[in-house]
Amino acid sequence: MPSTRDIRRRIKSVKNTAQITKAMQMVAAAKMKKAQDAATQGRAYVDLLNKVLVSLQERAEENVHPYFSEGKGSKVLVILITSDKGLCGAFNTNLMKKVLTSGLGAETDFVTVGRKGGQSLARLKKNLVADFSLKDPASFPDLRPVAKLLQDKFLSGDYQKVLVGFNNFINTATISPSLEQLLPINPVTLGGRRSFEGVGQGEVVDASKGPVLDYSFEPSTAEVFAQVLPQYVSNTLFQMLLESRASEHSSRMVAMKNATDNAKQMLKDLSLEYNKLRQAAITNELLEITTAKMALE
Amino acid sequence: MLLEIVTPEGKAFSDDVSGVVLPGALGELGILPNHASLVSTLTAGELRYTKDGKTHDLAIGAGFAEVTGERVNVLTEMAVRDSQIDETAVQAALERAQNRLKEDVLPEEIAAVEAAIANSLAQLHLKRKRRTI
């Protein structure tokens with residue numbers, strides 16, 4: 001049986017914790033708003049880039065660019081986008097689970113963006129090629145080294161394909177960990193496409209519909225592809241990072257909201273227990289006084 | 001004809017226009033409705049479009065354009081109107097970029113710095129053209 005003093009002390013500490021989690025919730029909510037806006041606005045660009053690429057792809061000859069065919073090597077490169085900081089619920093755990101259970105062989109190399117992913121992969125003794133930590137809010141120039149690294153790696157021919165593991169932002173309550181193929185650009189999946197490009201846009205490109213347009217390319221097919229494809233790769237990767245950031249802040253906000261709610265419930269229970277104890281003590285004292293008085297008479 | 005200009009920050013412009021002139025890699029491209037399908041790379045420069053008989057212009061960065069019969073999609077890293085350009089700020093950015101190019105720049109950064117210079121020049125060009133008239 002704890003004493004009233006113990007309970008008072010616990011109430012105080014729980015109250016402090018609730019205050020901290022509440023503050024963190026507010027901070028995450030503010031950041032979430034910004035990150036969500038960035039993610040939704042970025043979608044228009046990647047969307048259009050994707051549509052253009054779909055129509056280009058129909059027209060292009062085979063092997064017009066190395067990004068359309070698998071690399072000669074047998075290794076797989078996985079870019080893993082996680083958060084830098086913890087306290088965001090199952091955000092990183094779910095993504096790790098998704099990536100590790102997706103049947104990647106032993107010949108898988110990892111590049112991580114965000115410290116948490118790097119830490120857990122190091123613990124699992126996976127091949128970590130590079131570890132990036134990008135600041136928040138994400139800016140496109142910061143991502144450039146990552147995009148360059150993965151394209152260089154792919155072009156070197158050691159890797160068969162490049163995958164990206166990231167948390168796709170659907171809405172504040174729903175986040176889906178996904179593993180998507182970035183390279184080679186897959187003509188089949190290009191039309192059906194990632195869910196984020198359809199979200200809020202309503203339009204998903206269907207390659208089978210619409211007339212096949214006979215494009216002329218200026219200055220030349222090769223030059224157009226040489227400019228469009230690297231842009232497509234880095235912008236898609238950037239969009240994935242934005243989606244991941246929006247997911248991170250929302251899941252942190254949700255986690256902190258749950259923590260605050262739990263702390264409040266705990267406070268309620270503790271106060272009830274405290275008051276019961278206090279009343280019992282008073283009753284006991286009264287009882288003692290009356291008994292003592294009766295004994296004296 | 002629908003003209004859509006999209007940047008990574010969002011949709012910059014979307015409207016029905018009667019004609020558009022793009023800064024193509026091989027020189028200016030004039031696009032009218034029912035133009036043959038075309039994909040062209042764009043350099044940083046000036047984009048002009050005509051709506052209701054009036055011509056408007058925008059400074060755009062490098063990118064590319066997709067032209068189909070009834071729409072023009074422009075994908076670029078920058079798109080600003082004359083009124084949005086702050087000349088002194090752009091001038092300062094330009095000088096900063098040019099100074100960086102003189103110092104030692106990492107090889108992979110050169111392209112980015114050069115793109116920044118081209119963007120600044122396109123903005124300044126648009127702003128100053130307006131003033132001399």
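Colleague: How many residues does the contact take from chain B and from chain A?

Modeller: This is a predicted model, and contact here requires heavy atoms within 4.5 Å. By that rule, the contact takes 24 residues from chain A and, from chain B, 26 residues.

Colleague: What share of the area buried between chain B and chain A lies on carbon and sulfur atoms?

Modeller: The two chains bury about 2,100 Å² between them. Across their interface the rule finds zero salt bridges, and one residue pair is in polar contact, with both residues at pLDDT 80 or more. Of the buried area, the share on carbon and sulfur atoms is 68%.

Colleague: Which element gives the largest share of the side of chain B that touches chain A?

Modeller: Elements giving two or more residues to that side include β1 (2-7), β2 (10-16), β8 (63-67) and α2 of chain B. The largest share amounts to five residues, and the element that supplies it is β5(B).

Colleague: Which element of chain B has the lowest mean pLDDT?

Modeller: Chain B averages a pLDDT of 84, and 95% of its residues score at least 70. Among its elements, strand β3 (residues 19-24) has the highest mean, 91. The lowest, 77, belongs to helix α2 (residues 107-132) of chain B.

Colleague: Over what arc do the buried residues of helix α2 of chain A lie?

Modeller: In this helix (residues 91-100), Phe91(A), Asn92(A), Leu95(A), Met96(A) and Val99(A) are buried. They lie on the same side of α2(A), because they cover an arc of only 120 degrees.

Definitions and conventions. Residues numbered from 1 in each chain as written. Chains lettered and ligands numbered in written order. Predicted model: local features only at pLDDT ≥ 70, side-chain atom pairs only at ≥ 80, totals over all residues. Heavy atoms only, no water. pLDDT = per-residue confidence, 0-100. Helix = DSSP H or I, 4+ residues; strand = E, 2+ residues; numbered from the N terminus. Buried < 20%, exposed > 50% of the residue type's maximum accessible area, 1.4 Å probe, protein only. Arc of directions from axis to C-beta. Buried area = accessible area lost by both parts, 1.4 Å probe. Salt bridge = Lys/Arg side-chain N within 4 Å of Asp/Glu carboxyl O. Polar contact = N/O pair within 3.5 Å; in protein donor to acceptor, adjacent residues only side chain to side chain.
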